[in-house]
Number of protein chains: 2
Amino acid sequence: MSRDRLYLFDTTLRDGAQTAGIEFSLEDKIAIARMLEEIGVDYVEGGYPGANPVDTAFFEENRTKKATFTAFGMTKRAGRSAANDPGVQGLVNSAAAATCFVCKAWDYQVELALGISTEENLEALADTVRTAAASGKEVLIDLEHFFDGYKANPTYALACVTTALEAGARWVVLCDTNGGTMPSEVRDVVGEVTRHAPGEKLGIHPHDDTGQAVANALAAVEAGVRQIQGTLNGLGERCGNANLVTLIPTLVLKPFYAGRFETGVTPENLERLTHISRAFDDRLNRAPARQAPYVGASAFATKAGIHASALLKDFSTYEHVPPESVGNERAIMVSQQAGKSNLLTALARHGIALEKDDPRLEKLLATVKERESRGYSYDGADASFAVLARRVLGTLPDFFQVEHYRAMVEQRHNAQGDVVTVTEAVVKIRIDGELLMSVAEGNGPVNALDSALRKDLGKYSSQIEDLELADFKVRILDGGTGAVTRVLVESRDGSGERWSTIGVSSNIIDASFEALYESITYKLLKTVVAQDSAAGGNTGRARVIAG
Amino acid sequence: MSRDRLYLFDTTLRDGAQTAGIEFSLEDKIAIARMLEEIGVDYVEGGYPGANPVDTAFFEENRTKKATFTAFGMTKRAGRSAANDPGVQGLVNSAAAATCFVCKAWDYQVELALGISTEENLEALADTVRTAAASGKEVLIDLEHFFDGYKANPTYALACVTTALEAGARWVVLCDTNGGTMPSEVRDVVGEVTRHAPGEKLGIHPHDDTGQAVANALAAVEAGVRQIQGTLNGLGERCGNANLVTLIPTLVLKPFYAGRFETGVTPENLERLTHISRAFDDRLNRAPARQAPYVGASAFATKAGIHASALLKDFSTYEHVPPESVGNERAIMVSQQAGKSNLLTALARHGIALEKDDPRLEKLLATVKERESRGYSYDGADASFAVLARRVLGTLPDFFQVEHYRAMVEQRHNAQGDVVTVTEAVVKIRIDGELLMSVAEGNGPVNALDSALRKDLGKYSSQIEDLELADFKVRILDGGTGAVTRVLVESRDGSGERWSTIGVSSNIIDASFEALYESITYKLLKTVVAQDSAAGGNTGRARVIAG
């Protein structure tokens, strides 16, 4: 059975740039366009040439290989022709292969915001489409406020659709500009529109203001549209646009859609999705959402609980798609009710292969349980689990020992009478019998200890140069300042890997120091494993890691 | 026209507890149950009595005032009657008014995971429902894997529904356990089910694995179910449950639903929603999602861009609901007015009455905005807001000043060669010109500072005797150990009142000290206000508080 082609239109670089706190540099835009092509979207909307220097520079050359490079702008202003409108000409003269013009489809907004008549708006629309099409561009029209407009005046909203198509637009995109339309309403309105215009020329541009941008996109597809506009990780104005990282696996993997539609995304593209989604967040300097559908760290994670025994018998019943199909992985969390099989799975993730009857497994299980009863939680601290496992298995190299540390914070008035806070830390470590002592100041005791610890790590100093602390979280387990404190440290290095370590103590400084120490240990371990692997191949690797 | 009643069932404390990295203490559960009642949900599922000590303790007494307090567990095991099943009896004997039992509705899972016949499963279901109902509990049945089960064997899935209802269940809840069902499939399957069972006895329990938990809940409601199960902020296993914080405003504010359905949520409840959502995240020690529908800091934020001019002419066209209806606010610089009314509301909550044109209001607004830009957040720190307001309004008594403090943490080996950590703090304060200096040891620097600070508070010592620190939370705002640290301290006293204070600094010790200092200040303020109120009545109170 032949399937309809669905087109994926990405607007991360245009509508996504409207996200509060987001600002793309030219370098960012170039890198993100590459990511989008790696996913396999059909259109990359790069921005608004003429609106700012970055966008203008971005459109000086073609930035895509396969996807259609698209420029965004407004239809011509009243009182001049499209041929003489600098805005329209900016798009027409850009390196884009397609131009997307926005046009208001709500009569009230036309009169209120533009101050022109509804007829003038239709004339501007037609003139703009004809001019851009005549210049050889593929032409798209974003109909702003389409759904609110349709509810208020369906005749006018439909006139915008047919005017654009008659003038030569390839696509007319129905925008839910303020994000307030329900999926059932989208379905009904799109159903009406397809009586007047072919679905293969219609697109949908939803927003997530009721948490239903993805559902609205799919409802529109079911009702007939054949283009979806969205963004990477759901970036976008206010609550964001439709998240393509969520939509794509649903379209490709779910028989409900895959049986009827095809996209430009291959299974190989899909396997890169988790990586691309996280690399994109890294570029934005923000932590990936753990609970993100398909690609989140928790998307295929299960705590040992009521589902544990069923899970072990058949993973698939608790996983709606195979995690590897989107490049993600199953995470059975090592916690409370951890059993031997959970532990073996977790060890395998770190390249440690043990037999099920290895007596060290029993010892490791007991250690994990004992530590979890004291407040450790290896759920979110996989690197600490790797370090602990190697320690218990006797395969952890003895990198360095901490002999002593001290941290001091003092707040007082200085000579000028201002309040000042001074923080200082001293760390004494031993490497191969040699004592190294360092002192550092910092913004706080943990920062000062971190600086002092890394100031001189002897022969290991060069190995930790690219180690960075990405995040630091503190949780008090029982409440009050005298309770047990759990510290989670997230680190990253030049390879792009991120790892988390944990420290637990009644003393927040002790707990922080432990997590810092384990992060450095994990980083050093990575180097050892890599060197050993390069020198001796798999056998060597297995030897170092699993004893 | 009469509207159907929709029931909201919250499972934050049960399914939400399955979220990776989340662990609720008894204190947390008590506080969260209170938040849920403030929103106006109908059912609070508190956990699984018997599964762990926290849940067991939580069910020793009734924890709700208006909502139906619900215990969760499994239907009876094979080979014994429900009357002799310790699991079932644990629920029946708990303080819960309702019991929710989970039962597998997918024949394949029944045989694979439970290892019993499908008939035995139905018998266990009926026996469990009858036993719990006979004990006087309202009975709910969660049908696990209902949608996958229905696709595989509709007859068996439907038999589970009818068996439960015939045995006396008040509700049968259709669970999309692995979260892979599409809204159109939910709509079709629920439509079929309602031919065999009344919609007013059916519920929906969706998961967000395709980003459509909210849409699935609404599709099920449109198809006939009358109970929705979800969680605060979409907590839950893997990608989470349906987010009630998103669903509730949609049900209450959108004519599409509000015209047909009513809930137990009042407009006043709804105005607290943003506050509760953020306070909940504060309790979980995580940053609220900026782009969350309705309640996110960006939900009504617009960057100056193509929408700016239209926005200035009419906000409503870019806002699908009024931000104040959910207690949120528009984030456009022209929102001065909205800012002032919010502030007046917050001041009134602390008994401070100001006129709208009082010039100090402008000053307080500027101060709050400036401090929030530096990382303060008064959403979850109402007591700090009260202290700040009185400071800016010039009505904060000058209780005591801190001249100097110092905290030191040292880890070393003692004479026996054991590793020991020693923490010591010194605090010097001034009261009415007199200097008081105290020193104390502690489990960590914050605990030691707290002890030293409270050791001698001169004439105020007796007033803070019943002050206790209930919780202490640390969040790093930008990542890394050098970033800005926000500390939230929750305190309580003999009156049962709890209050939260905040401290922000690049130094965690400074931030903690600030929050501790404000907690003591708030406590002393309470005493002053009470004394003054007793002496002079309302006039006196107004004088002290509002100047």
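The exercises below, each with a worked solution, concern a predicted model.

Residues are numbered from 1 along each chain as its sequence is written, and chains are lettered from A and ligands numbered from 1 in the order in which they are written. Local features need pLDDT of at least 70 and side-chain atom pairs count only at pLDDT 80 or more, while totals for chains, interfaces and linings use all residues.

**Exercise 1. Overall layout of chain A**

State how chain A is divided into domains, and give its secondary structure.

Solution. Step 1: helices (H or I, at least four residues) and strands (E, at least two) are DSSP runs, numbered from the N terminus. On this basis chain A has 19 helices and 18 strands.

Step 2: an automatic or database domain assignment supplies the bounds. Domain 1 spans 4-265, domain 2 spans 301-372 and domain 3 spans 401-456 of chain A. Between the C-alpha centres of domain 1 and domain 2 of chain A there are 44 Å.

Step 3: the unreviewed UniProt entry annotates residues 6-271 of chain A as "domain: Pyruvate carboxyltransferase". UniProt positions are in the numbering used here, with feature names shortened, and annotations may be inferred rather than shown by experiment. That span is 42% helix and 17% strand, and its end C-alpha atoms lie 20 Å apart.

Step 4: along the principal axes, the C-alpha atoms of chain A fill a box of roughly 85 × 70 × 50 Å.

**Exercise 2. The contact between chains A and B**

Determine how many residues each chain gives to the contact, and find which strand of chain A gives the largest share.

Solution. Step 1: two residues are in contact if their C-beta atoms, placed from the backbone, lie within 7 Å. Chain A gives 90 residues and chain B gives 89 residues.

Step 2: on the side of chain A, strand β13 (residues 401-413) supplies the largest share, nine residues.

Step 3: Ala, Val, Leu, Ile, Met, Phe, Trp, Tyr, Cys and Pro count as nonpolar, Asp, Glu, Lys and Arg as charged, and the others, Gly among them, as polar. The side of chain A that touches chain B then has 31 nonpolar, 37 polar and 22 charged residues.

Step 4: strands pair if DSSP finds at least two bridges between them. Strand β16 (residues 468-476) of chain A and strand β14 (residues 468-476) of chain B run antiparallel and are joined by two bridges. Here A:V474 stands opposite B:V474.

**Exercise 3. Strand β17 of chain A**

Is strand β17 of chain A largely enclosed or exposed? Trace its pairing on to β16(A) and β18(A).

Solution. Step 1: a residue is buried if 20 or more other C-beta atoms lie within 10 Å of its own, exposed if 12 or fewer, and partly exposed in between, with C-beta atoms placed from the backbone. Seven of the eight residues of β17(A) (residues 485-492) are buried, so the strand is largely enclosed by the rest of the structure.

Step 2: β17(A) pairs with β16(A) in the antiparallel sense over eight bridges, and A:K473 stands opposite A:L488.

Step 3: eight bridges also join β17(A) to strand β18 (residues 498-505) of chain A, again antiparallel. The bridge partner of A:L488 in β18(A) is A:I502.

Step 4: the hairpin of β17(A) and β18(A) has five residues between the strands, and A:G496 takes a positive phi near 90° there.

**Exercise 4. Burial and the nonpolar cores**

Which residues touch the most other members of the largest nonpolar core? Explain also why A:V321 counts as buried.

Solution. Step 1: a nonpolar core is a set of buried Ala, Val, Leu, Ile, Met, Phe, Trp, Tyr and Cys residues joined through C-beta atoms within 7 Å. The largest holds 209 residues, of which A:I141, A:L143, B:I141 and B:L143 touch the most other members.

Step 2: apart from neighbours within four places in sequence, A:I141 has contacts that include A:F101, A:L125 and A:V172. A second, separate core has 97 residues, among them A:L347 and B:F399.

Step 3: A:V321 sits in the loop between α14 (308-313) and β12 (331-332) of chain A. A:V321 counts as buried because it has 22 C-beta neighbours inside 10 Å. Beyond neighbours within four places in sequence, its contacts are with A:P249 and A:L253.

Step 4: by contrast, B:K459 is exposed, with 11 other C-beta atoms within 10 Å. B:K459 lies in the loop between α18 (445-455) and β14 of chain B.
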